[in-house]
Amino acid sequence: MSKNILITRGGWDGHQPLQTSERFATFLKNQGANVTISDSLNCYQDNTLMSSLDLIVQSWTCGNLTNEQWKGLDSTVKAGCGFAGWHGGVIDAFRGNIDYQWMVGAQFLGHPGNIKWHEVVINDWDDPITAGISHFKIKSEQYYMLIDPSNQVLATTTFDGEHDPLLRGVVMPVVWKRRWGAGRVFASAIGHVDTDFNVDEARIIMERGIIWAMRGPLSIGV
């Protein structure tokens, strides 16, 4: 795999952007990719760098994008560069930018019960990202989000209502993919902390989603 990949990391430290990004940087390097890591969002307005990319992996909770940073990210993904990430690093980034939320396909609202056991149900075993993955349980935050109905949802979770009776029976997407212009976008709500990805199903889905989002012919063999 000779691909150029940018990983951006920062924002709220509670989501362990260093540890999670290092995990997937190692995975990508082992696949033969050229990986650049940035601790600044200014990279999004570096035209030379952005035009060379096949994939952007983001782990940046909250924070703000300047207009120029957003224009650089937006135009790069629309031109065919992939975009992927997990949990708050993409789903709760840049709360003031609704265009960014549109690109990702969701915006975090809350996690009733905080860290809790919940089941992730696979919706589509025909998709290469989730093929062969069984339903699984994970002890982490169960994200409640605003979701774009155009997302192609690959896995969901159901709220039991224990911490908010109004949510009993609500089915919420956990893993999805979508398009933004010519670019592929992949997101997973799993990944509050790095050890979430010690759950094999969560890790494999994320690895496959990253590969799927990458510019070029699809080749998912992980």
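This is a predicted model: local features need pLDDT of at least 70, side-chain atom pairs count only at pLDDT 80 or more; totals for chains, interfaces and linings use all residues.
Thr130 is placed in the loop that runs between strand β6 (115-122) and strand β7. Thr130 has a relative accessible area of 0% and is therefore buried, since the cut-off for burial is under 20%. Its side chain reaches the backbone oxygen of Asp124 at 2.4 Å. Gly216, by contrast in topic, is found in the segment that comes after α6. With a relative accessibility of 27%, Gly216 counts as partly exposed. Its contacts, not counting residues up to four places away in sequence, are with Lys3 and Arg184. Gly216 and Ser75 are 141 residues apart along the chain, and their C-alpha atoms are separated by 17 Å.

At 1.5 Å a residue, its twelve residues should span 16 Å, and the end C-alpha atoms of α3 do lie 16 Å apart, so the two values agree. Within α3, the buried residues are Gln69, Trp70, Gly72, Leu73, Asp74, Thr76 and Val77. The elements that cover these buried residues include the helices α2 (47-50) and α5, together with the strands β3 (55-61), β4 (82-86), β10 (171-180) and β11 (183-188). After α3 comes Gly80, which has a positive phi, near 125°.

Positive phi values also occur in residues other than glycine. One of these is Gln16, with a phi near 50°, which lies in the loop between strand β1 (4-11) and helix α1 (17-30). Gln16 has a relative accessible area of 24% and is partly exposed. Another is Phe94, whose phi is near 55° and which is found in the loop between the helices α4 (88-91) and α5 (98-104). Phe94 is buried, its relative accessible area being 1%.

The largest has a volume of about 60 Å³, and its lining is formed by His118, Ile138, Ser140, Glu141, Gln142, Tyr143, Thr157, Val174, Ala189 and Ile190. Strand β7 (residues 136-141) contributes the largest share of this lining, with three residues. Sorted by class, the lining of the largest cavity consists of five nonpolar, four polar and one charged residues. The second largest cavity has a volume of about 40 Å³ and is lined by Pro112, Lys116, Phe159, Asp160, Gly161, Glu162, His163, Asp164 and Leu167. In the lining of the second largest cavity, three residues are nonpolar, two are polar and four are charged.

Finally, Ile147 belongs to strand β8, which is made up of residues 144-147. At 27% relative accessibility, Ile147 counts as partly exposed. Once its neighbours within four places in sequence are left aside, Ile147 is in contact with Gly105, Ala106, Met172, Pro173 and Trp176. Ile147 and Ile37 are 110 residues apart in sequence, and in space the distance between them, C-alpha to C-alpha, is 29 Å.

Definitions and conventions: Residues are numbered from 1 along each chain as its sequence is written. Side-chain values use heavy atoms; hydrogens and water are left out. On a 1 Å grid over the protein atoms alone, a cavity is a set of points where a 1.4 Å probe fits but cannot get out, and a pocket is an open set with protein on both sides within 12 Å along at least five of seven lines; lining residues have an atom within 4 Å of a point. Grid points are joined across faces, edges and corners, and a volume is the space filled by probe spheres set on the points. Helices (H or I, at least four residues) and strands (E, at least two) are DSSP runs, numbered from the N terminus. Ala, Val, Leu, Ile, Met, Phe, Trp, Tyr, Cys and Pro count as nonpolar, Asp, Glu, Lys and Arg as charged, and the others, Gly among them, as polar. Buried means under 20% relative accessible area, exposed over 50%, partly exposed in between (1.4 Å probe, protein chains only). A polar contact is a pair of N or O atoms within 3.5 Å; within protein, one must be able to donate a hydrogen and the other to accept it, and residues adjacent in sequence count only if both atoms are side-chain atoms. Contact means heavy atoms within 4.5 Å. The expected span of a helix is 1.5 Å times one less than its number of residues.
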